[in-house]
Amino acid sequence: MKSIPHFPSQTFRLAASAAAITLITGMSASAVAADNGKYRIGIVTFLSGAAAGPFGVPASNAAKLTIDTLNSGKMLAPYTKIGINGLEIETVLLDEAGGATKQAEEFRNLVQRQKVDAVIGYISSGDCLAIAPAAEELGVPTLFFDCGTSKVFETVKNPKYLFRTGLDAVVDNVAAARYVAETRPNIKTVASIQQNYAWGQDSWADFSLSLKQLLPNVSVVSEQWPKLLQGQYGAEISALSVSRPDIIHSSFWGGDMEALMLQGGARGLFDKSVAVLTAGETGVETFKSNVPNGTVIGGRGPYGAFAPKNALNDWFRPAFTAEFKADPTYPAYKMVQAILALKAAAEKTAKPGVMPTSDQVVKGLAGLSFEAPSGTVKMARTNGHQAVQDVSFGEYRFDPKTGKGSVANVKTYAADCVMPPDGSTPADWIKAGFPGAKCK
Amino acid sequence: MSFPKHLASSTGSAVAIAALVFAAGTWVLPPWLAFLLTLAFAKGLVVLGVVIQMRAGLVSFGQALFYCIGGYIVGLASQSLGISDAFALLALATGAGILMALACGWLLTRYREIFFAMLTLALSMILYGALVKSSALGSTDGFNVAAPSFLGWTPQGDAQKQALYLLSVAVAAAVAIGIHRFMVSSLGRVIEAVRENELRVEYLGLSPRAVLFSNYVVAAGISALGGGLTALASGHIDPDMAVWTTSGEFVFIAILGGTGHVFAPFIGAIVFSVIRTFAIQEAPHFWQMTLGVVLLALILFLPKGLWSLIARDKPAEVAT
Amino acid sequence: MTTLIAILLDGAIYASWLFLVAAGLTIIYGVMRVLNMAHGSFYAIGAYAAAATVGWFFSGEHGNPYLSYLLLVGCALLAGVILGVVIEQGLLRFLMGRDEILMVIVTYALLLILEDATKLIWGVDPYFAYQPYRLLGISDIGDILRFANYDLALIAVAVFIGLAAWFVLNRTNKGRLLRAVIHDREIAIAMGVNVNAMFAATFVIGAVLGALAGALTAPAISVTPGIGVEVIVLAFAVVVVGGLGSIGGAAAGAVLVGLSRSFAVHIAPEIELFVIYGVMFLVLAFRPQGLFGQTLARRI
Amino acid sequence: MSAILETRGLTRTFGAVVAAMNLNVRIDQGEIVGVIGSNGAGKTTFINMVTGYLPPSSGEILFDGHSVLGRQPRAITRLGMVRSFQVAQLFPKLTVLENALVSLVAAEGPRPSFLCPLDTPQRRAKADAIFAEFGVSRYRDVLVSAVPQGARKLVDIAMALVSQPRMLLLDEPTSGVSIEEKFALMDTVMAVVRRHGVTILFVEHDMEIVARYVTRLMAFYSGEIIADGPPKSVLGDARVQELVIGHHLDINALGVAA
């Protein structure tokens, strides 16, 4: 308040600064991608935070490997054409960390500033829900490769541009319940330990409902809800031990799952109770002897350790292992699958060598059936926007001689056996006793 | 002796000019930038709530509480009550924020410094916990918010985004003018006096707690408004809105912009969004580090924030 | 009965861990008035250093497996000293005396930088150092409960560190000087205490404690990005509940939070998510300065 | 003459320490009362109790015939009893003018407006008049933190007087002020106080100042009043000289006010 600002200069300065900001941001607008004749794909996956290690980075590694291979034209049939439809693929990689609002903003940046031709990504269900309407609004082919929420296609009822090339989490838990009921029909008690967030809550709801249908006499003896990324499960392990369950269902993933198995294993929790880990596949390589043989694990589809033997898998698995010094886990498989889906769709409808339009891509993708390292994938639900695949569960086996883990007693469930038909919500379908399910 | 009038009119007209410039941008700016600005203006409102508390010497590490309440009220009112009008939704959000502040304010205004910071943090985390446990509200996935109507007009497609952008410009401008008046008002200046010396304020015959309480409520109202606007613009809400790192981001932006003027939080929010967008794009693996370095550099070399670049040759209009 | 024993033991183990995490934070705050957000990063870096080294140690024949415990502690010391010296001498030294809240923000910036730096050094793949966790075996408590001896040893370590801190502060000359600084910085300066040296030493000790907490936790968890951020708020809560700057307070806060959480897990697992914040809120509502905090009377 | 401030049996203990013991004080309208006593004698404790900063352990406080026991300092201020402080309590990062404007707005009522600006021509004029009265006009637009000690003390007292109180309690108004400035400061303050007819009580260490300005003097010793009366008799009291002043005092050399 020392000096009295002059009216014009003050106004001018404020207005000038406002204008300067507009200019600066406006200039950044000119930094948009030039049209260079390449097919641009935005890849969004966790590069930081707890989901980076188990999911994000394997997925982005798989994307790099696949796109490099496609660009070199050395991919196996039917994907021998260079890049996508003969056009080289260019990648824009983004970190999925930071929350749904930020992702909604970055998604627009990807499409409108970076001018990507398609987006593949999103592990977090919250991010998928936020992106879904934006994808439809902006009219860019968007492939969710991993997120498991069953609400995606409740949010966007008649999707045109939105696809999910992987399975949702309902399938995992129905299949897990079936596996348990078939392999351990005499169990009496079940306990649960889930990360306290949507994924954990939904997973347990689906699993417990399904198990009630299949084994009505099983009772729930303990439900534990530790915070996501808590890392220390001492009290929970004690509580589970005290409740003496026959099986312990958990949708834990990544570091939390490994920590739980490590701590629980050391304290003998799994000597009497069998753990059922719906996302256990990412740990097959790291569990070693810490996890007892017989632990039931799933891979969220026929991925990773559950992947079938076929030519594409024979290429993918060794190539990935050679380049990244680690076996590909399910997120890696799901990423390859999404990229191959995009390629197959574009090449199905666009003229060879010509840049495929968004409409051509989504037309090709709807109802598409294509080959992936996980086998044949059919885009068969929700008007051809939701992938349909078999789901496998199995038991963990560790070989002390080779020091490697693997899966045994694998049972595979056909999609029609574990997936609710179009138009019915998962909970209702399960409660009604899986009407229309076709199991072998 | 016409200083106050000049002051008011100069900031008022500057806000008006800036608002007009940005409004004109509706038809010029690329859509992604308009969207970035929409969210930045909304965020700027929340940050303004942090800033006016900083003027009282209180740093809230839980402003996300009101941001989240604003967002969820908009989402719930639109989903459950079927209210689609943007103005009604924003009014509800602001009202809810104010109600919450009225309930918590009596307790919180007993605290200062780090204790205030930690208690605000605790409150926002309790809301976070409650939302995470609410499966009906989508738990951590949150839920989507339908596109709003504007006084009976429901635009589609691009017009929808443009309308939201214009709405955010208008709301930001209106709040900026209002808060500027508030900052130079009797109460607004007493707030600074409370920061400087509570004891003296008490012995002048005023209640420092009552002053801080009104300030807290105002801050809550505009932060909830910002949250509501964010919900409308991004079309999605989830409990992450209440988590402490979100509050940390608001404090970050407040420091970035500075506390010298009502414009500062908006400038801070825009610059922050631009820096982050480019950091994420250019260094997807190391964008946090980029932000951290920028923040440190600011504290070391530009302690009064970006605003001091603009108002360099005179002491801040509202002393900090 | 079994449940009660479980509650108490689980609570004690968790409290020990909380105390280890919070001790360094509260010491740094007590002496320097810096609420160090980067403490979480010290924890994470200690965990990574330990997990990487122990992982290497067990990857081949590198001697007696019990040496791995020495390695854990050694890594924590090394990581803590390096971090502490570099950050205190390279940055904080220039900012001392600034507003407390500003210092929170400075350390928040450090946290952002260190999070990515950790990623740069160790990548995002998980690290395991489970061997030391299993090496000590398990104890049967009753016929159902089994506890890992490593966890039980953690209680001993926490008690030892608490007692050591008490001894240093109350029974040594340096410690008394430190308490003088905690009690009244101005007078301590006036009395000729070399406050700068005190600050440097305190920050290094705090950093070592943070890294030690990480290193000792590493064998029980999978060390992944983000573990640091998770512990910050937890440590804050403990320290605020106990009273900022008080070692005894940190211990009391850790026990209160640890037992409350353990009760919640066994009796009402649904509310586990709220317990920590609920305890913090309740304590602050009735005792604003925390359980062991001092209120400073103002002289007018 | 009616009593403006009266205390009955005012006692305050801090643990085992007795800071004030059974203080019975009656101050009439228009008096100028000086308080002397060594450190810890209970002078500031007395002021803190009657202005509501410190609750007494027991006793009664009447201001203008009404009990003010248990009232907040702000309520007591509003009743017309104000105080200054040993260390000037101002708003250091605001200018002197802004300091005065804040006190002016506080004097207008307990709920400052959140719409009307603080800085109005009317308030500025009032502030300028006060500055002229206290002779601090040249510091008007300077940040308080940059104002010299003596002027700061004056501003502190000026702010207390803005609300036109009926009683003013000054806690060592000349502490921290150089010897040369002390008398000028007190002359200024006393002139203003007299003009406004304010009853005044002030704590002071400097016997010359006490002797020159007060009409009545109270001597505190370890929480009790050991002498109360005209300055001449109090200063001449042997116990006061022994316990409070610490040496023999030549009363006549001080020029005690009549």
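**Notebook: a hairpin in chain A, then chain D**

I began with strand β11 (residues 369-372) of chain A, whose covered face holds A:Phe370 and A:Ala372 and whose uncovered face holds A:Ser369 and A:Glu371. This is a predicted model, in which local features need pLDDT of at least 70 and side-chain atom pairs count only at pLDDT 80 or more, while totals for chains, interfaces and linings use all residues. Residues are numbered from 1 along each chain as its sequence is written, and chains are lettered from A and ligands numbered from 1 in the order in which they are written.

I noted the terms for strands and helices: both are DSSP runs numbered from the N terminus, helices being H or I with at least four residues and strands E with at least two. Two strands pair if DSSP finds at least two bridges between them.

**The hairpin.** I looked for the partner of β11(A). It is strand β12 (residues 375-381) of chain A, antiparallel and joined by four bridges. Two residues lie between β11(A) and β12(A), and the two strands form a hairpin. I followed A:Ser369 across and found A:Lys378 as its bridge partner in β12(A).

**Chain D overall.** I turned to chain D and found ten helices and ten strands. Its C-alpha trace spans about 55 × 40 × 35 Å along the principal axes. The radius of gyration of chain D is 18 Å, which agrees with the value near 18 Å for a compact globule because the chain has 258 residues. That radius is taken over C-alpha atoms, and the globule rule is 2.2 Å times the number of residues to the power 0.38.

Buried residues make up 48% of chain D. A residue is buried if 20 or more other C-beta atoms lie within 10 Å of its own, exposed if 12 or fewer, and partly exposed in between, with C-beta atoms placed from the backbone.

**A sheet in chain D.** I traced an open sheet of four strands in chain D, in the order β2-β1-β4-β5, with antiparallel pairing. Its edge strands, β2 (17-28) and β5 (66-67) of chain D, each pair on one side only. Strand β1 (residues 3-14) of chain D meets β2(D) over eight bridges, in the antiparallel sense. There D:Leu5 stands opposite D:Ile27 in β2(D).

**Two domains.** I checked the domain assignment of chain D, whose bounds come from an automatic or database assignment. It gives domain 1 (1-80 + 165-258) and domain 2 (90-164). The contact takes 15 residues from domain 1 of chain D and 13 residues from domain 2 of chain D. Here two residues are in contact if their C-beta atoms, placed from the backbone, lie within 7 Å.
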